[in-house]
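Student: I have a new model open and want to learn how to read it. Where do we start?

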Amino acid sequence: MTTDADFGERLERQTATYLDRLDDCVALLPRALDEYASDGPYRETVGEIAAAESACDDLVREVTALITDAGPDDIGLLNTRINFNESALLDFYKEIDVVANHTERIAQEVTMMQPDAEGDAFGDMREMAGRIAEMAVILSDVVERFVRGLARNDTTETLAEGIESLRDLESECDELRNSAIATAFADDAVDQPLVYRELAILLDELANTIEDLTDRIVVIASKEPGIV
């Protein structure tokens with residue numbers, strides 16, 4: 001039988017493994033856009049993103065299966081926070097995996113739409129991708145500490161600084177989105193401004209998804225004295 005301590009450790013370990021792969025996936029997005037702009041091997045990088053996204057799917061299923069398959073005896077008294085928040089946690093992990101799915105979609109859309117990478121609008125989108133990669137790293141740290149706070153009764157985790165950083169970066173993405181769209185429509189040399197608009201909105205939706213995860217964390221953590 002799995003002890004309560006073992007369950008918490010497994011949840012932390014599997015979550016950390018998943019988040020490492022998610023970081024890898026999102027970190028490839030700015031690289032793909034940079035390679036696209038410089039006529040580099042961006043298609044290979046898009047393939048790496050697809051492989052990372054597939055790995056994320058497998059890993060998040062393992063995490064959610066660990067939670068759903070565990071009975072009260074497995075979770076134990078030390079992990080009552082997890083038992084109490086089981087439904088919200090399952091939704092939370094599903095929403096995290098949207099980050100990987102959306103990253104793959106953006107990379108594929110750029111490949112299909114083939115926008116001109118010379119202008120400022122594409123430059124803004126490259127900056128957005130860089131901010132999003134920063135957000136993914138911060139998100140991983142916040143989520144790891146959030147799960148640690150749920151899995152252990154003997155620890156206190158403070159998440160405010162990381163959450164604030166994510167919200168600041170998301171605001172920067174909003175500004176870059178607006179700049180990319182405005183530039184595309186203001187420049188007569190841009191043949192298809194709607195392409196840039198769609199891509200900028202997709203990037204912004206990815207940043208919004210990451211920020212929305214902080215709202216879910218706040219809702220769950222507000223009920224838990226060990227998480228600030």
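Tutor: Start with the order of elements. Along the sequence the pattern reads α-α-α-α-α-α-α-α. Keep in mind that this is a predicted model.

Student: How many helices and strands are there?

Tutor: The protein has eight helices and zero strands.

Student: What percentage of the residues count as buried?

Tutor: The chain has 228 residues, and 51% of them count as buried.

Student: How do I read a single helix? Take α5: how far does it reach from its first C-alpha to its last?

Tutor: Compare the span with the expected one. Helix α5 covers residues 86–113, which is 28 residues. Its end-to-end C-alpha distance is 41 Å, close to the 40 Å expected at 1.5 Å a residue.

Student: What happens just after α5?

Tutor: Check the backbone there. Gln114 takes a positive phi of about 50°, although Gln114 is not a glycine. This residue lies in the loop between α5 and α6. With a relative accessible area of 39%, Gln114 is partly exposed.

Student: Which residue other than glycine has a positive phi near 60°?

Tutor: That is Asp39. Asp39 sits in the loop between α1 (4–37) and α2 (42–69). Its relative accessibility is 73%, so Asp39 counts as exposed.

Student: Now packing. How are two packed helices described?

Tutor: By the angle between their axes and the distance between the axes. Take α6 (residues 120–151) and α7 (residues 160–186) here: their axes come within 9 Å and cross at roughly 165°. An angle over 145 degrees counts as roughly antiparallel, so α6 is roughly antiparallel to α7. The crossing of α6 and α7 is left-handed.

Student: Which kinds of residue make up the contact of α6 with α7?

Tutor: That contact divides into 15 nonpolar, four polar and eight charged residues.

Student: What are the angle and axis distance for α5 and α8?

Tutor: Helix α8 spans residues 193–221. It packs against α5 at an angle of about 165°, with the axes 10 Å apart. The two helices are therefore roughly antiparallel to each other. α5 passes α8 in a left-handed crossing. Their contact residues divide into 17 nonpolar, three polar and seven charged.

Student: Next, the rings. How many aromatic pairs does the structure hold?

Tutor: Four. Read each pair by centre distance and plane angle. Tyr36 and Tyr42 are 5.0 Å centre to centre, with 80° between the planes, an edge-to-face pair. Both Tyr36 and Tyr42 are buried. Ring pairs also link Tyr36, Tyr42 and Phe122 into a cluster.

Student: Why is the pair of Phe92 and Phe146 edge-to-face?

Tutor: Look at the plane angle. The ring planes of Phe92 and Phe146 stand at 65°, with centres 5.5 Å apart, so the pair is edge-to-face. The cut-off is over 60 degrees. This pair links distant parts of the chain: Phe92 is in helix α5 and Phe146 in helix α6, 54 residues apart.

Student: Are Phe92 and Phe146 buried or exposed?

Tutor: Both Phe92 and Phe146 are buried.

Student: One last feature. How far apart are Ala189 and Gly119, in sequence and in space?

Tutor: Read the two separations side by side. Ala189 and Gly119 are 70 residues apart in sequence. Their C-alpha atoms are 9.1 Å apart in space. Ala189 belongs to the loop between α7 and α8. At 61% relative accessibility, Ala189 counts as exposed.

Key
Residues are numbered from 1 along each chain as its sequence is written. This is a predicted model: local features need pLDDT of at least 70, side-chain atom pairs count only at pLDDT 80 or more; totals for chains, interfaces and linings use all residues. Side-chain values use heavy atoms; hydrogens and water are left out. Axes are lines fitted to C-alpha atoms, for helices over the stretch in contact, and angles run from 0 to 180 degrees between N-to-C directions. Helices (H or I, at least four residues) and strands (E, at least two) are DSSP runs, numbered from the N terminus. Angles under 35 degrees count as roughly parallel, over 145 as roughly antiparallel, 65 to 115 as roughly perpendicular and the rest as oblique. A crossing is left-handed if the near helix is turned anticlockwise from the far one by less than a right angle, and right-handed if clockwise. Ala, Val, Leu, Ile, Met, Phe, Trp, Tyr, Cys and Pro count as nonpolar, Asp, Glu, Lys and Arg as charged, and the others, Gly among them, as polar. The expected span of a helix is 1.5 Å times one less than its number of residues. Rings of Phe, Tyr and Trp (its six-membered ring) pair if their centres lie within 6.5 Å; planes under 30 degrees apart count as stacked, over 60 as edge-to-face and the rest as tilted. Buried means under 20% relative accessible area, exposed over 50%, partly exposed in between (1.4 Å probe, protein chains only).
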